[in-house]
Amino acid sequence: MGRGKIEIKRIENTSNRQVTYSKRRNGLIKKAKEISVLCDAHVSVVIFASTGKMHEYCSPSTTLVDILERYHKHSGKKLWDAKHENLSSEIDRIKKENDSMQIELRHLRGEDITSLHGHKELMALEEALETGLASIRDREMELFKAMKKNERMLEDDNRRLQCMLHQQGIDMEGGDMENGYHQHQHHHHHQVREYQPQMPFAFHNLQFQPIQPNLQERF
């Protein structure tokens with residue numbers, strides 16, 4: 001008995017649908033590999049499951065981008081919008097400009113100048129080098145002047161600090177001398193106060209001594 005014909009319609013059962021998808025996907029990729037090897041064909045297969053997961057296959061001798069570009073040329077259909085086309089053109093322009101700048105940079109370094117055959121090209125290169133050298137020297141002079149200015153500012157700050165330190169030293173010495181003078185005056189005054197009470201005591205003893213001691217003998 002042969003296999004019964006399967007009705008092609010959406011499988012409602014989720015589990016059965018996933019099993020069928022896995023088997024059919026593997027079978028499709030297998031057929032793509034076979035036709036690529038047997039017939040030397042360029043094949044690319046891209047499959048997206050209902051879950052969004054992607055599976056793909058591309059012949060080893062090509063890439064998906066190459067196949068899409070070939071499809072774009074042969075079918076005449078626009079796979080990319082105008083925005084992407086303009087972006088691709090801009091990228092090509094930037095690449096060419098970068099290549100040109102790299103060549104010019106090598107010439108400025110003195111490399112690959114054998115490719116310059118015209119006198120005007122060499123004169124233009126020499127002029128560019130002289131202009132660049134003049135700009136470098138101007139910048140060096142600006143930096144030199146700025147450095148000298150900073151040195152003068154540092155010297156002025158240093159002199160101000162030295163003056164401040166010198167003035168502080170004078171103030172401290174003057175304060176020490178003044179404190180010493182006050183201490184000396186206070187010590188001298190204290191000695192005078194200690195000495196003054198002794199003088200009346202001496203005079204007191206002298207006052208009770210008889211001026212004429214012989215008078216007592218007379219009486």
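What is the relative accessible area of glutamate 97? The relative accessible area of glutamate 97 is 40%, so this residue is partly exposed (buried means under 20% relative accessible area, exposed over 50%, and partly exposed in between, with a 1.4 Å probe and protein chains only).

The structure is a predicted model, in which local features need pLDDT of at least 70 and side-chain atom pairs count only at pLDDT 80 or more, whereas totals for chains, interfaces and linings use all residues. Residues are numbered from 1 along each chain as its sequence is written, and side-chain values use heavy atoms, with hydrogens and water left out.

**Figure 1. Overview of the protein.** The protein contains 6 helices and 2 strands (DSSP runs numbered from the N terminus, with helices being H or I of at least four residues and strands being E of at least two). Along the sequence these elements follow the order α-β-β-α-α-α-α-α. Of the 219 residues, 7% are buried. The accessible surface amounts to about 20300 Å², and carbon and sulfur atoms hold 57% of this area (Shrake-Rupley method with a 1.4 Å probe; for residues, only the protein chains shown count as cover). Among contacts with a separation of 6 or more, 17% are between residues 24 or more positions apart (a contact means heavy atoms within 4.5 Å).

Figure 2. Glutamate 97 pairs with arginine 93 through a side-chain salt bridge of 3.0 Å, N to O (a side-chain nitrogen of Lys or Arg within 4 Å of a carboxyl oxygen of Asp or Glu). Side chains of opposite charge can pair when their charged atoms come close. Arginine 93 is partly exposed, at 42% relative accessibility. A network of salt bridges links Glu90, Arg93 and Glu97. In total, the structure holds 7 salt bridges.

Figure 3. The salt bridge between arginine 139 and glutamate 142 has its closest N and O atoms 3.1 Å apart. These two residues both lie in helix 4 and are 3 residues apart, about one turn of the helix. Arginine 139 is partly exposed at 46% relative accessible area, and glutamate 142 is also partly exposed, at 47%. Lysine 148 and glutamate 151 form a salt bridge of 3.7 Å, N to O. Because lysine 148 and glutamate 151 are 3 residues apart in helix 4, about one helical turn separates them. Lysine 148 is partly exposed, with a relative accessible area of 33%, and glutamate 151 is partly exposed at 34%.

Figure 4. Arginine 25 lies in helix 1, which spans residues 14-39. This arginine is buried but forms no salt bridge. The nearest side chain of opposite charge is that of glutamate 56, 12 Å away (Lys and Arg count as positive, Asp and Glu as negative; His and the chain ends are not counted). The side chain of arginine 25 makes a polar contact of 3.2 Å with that of asparagine 26 (N or O atoms within 3.5 Å, one able to donate a hydrogen and the other to accept it within protein; residues adjacent in sequence count only if both atoms are side-chain atoms). Leaving out residues up to four places away in sequence, arginine 25 touches Ile47 and His55.

Figure 5. Phenylalanine 48 belongs to strand 1, residues 44-48. With 55% relative accessibility, phenylalanine 48 is exposed.

**Figure 6. Two exposed loop residues.** Aspartate 40 occupies the loop between helix 1 and strand 1. Its phi is near 55 degrees, a positive value in a residue other than glycine, and aspartate 40 is exposed at 63% relative accessible area. Arginine 109 is placed in the loop between helix 3 (82-108) and helix 4 (119-195). At 59% relative accessibility, arginine 109 is exposed. A distance of 9.4 Å separates the C-alpha atoms of arginine 109 and leucine 129, which are 20 residues apart along the chain.

**Figure 7. Histidine 72 in helix 2.** Histidine 72 belongs to helix 2, residues 64-75. Its relative accessible area is 25%, so histidine 72 is partly exposed. Apart from neighbours within four places in sequence, histidine 72 contacts Lys77, Lys78 and Leu79.
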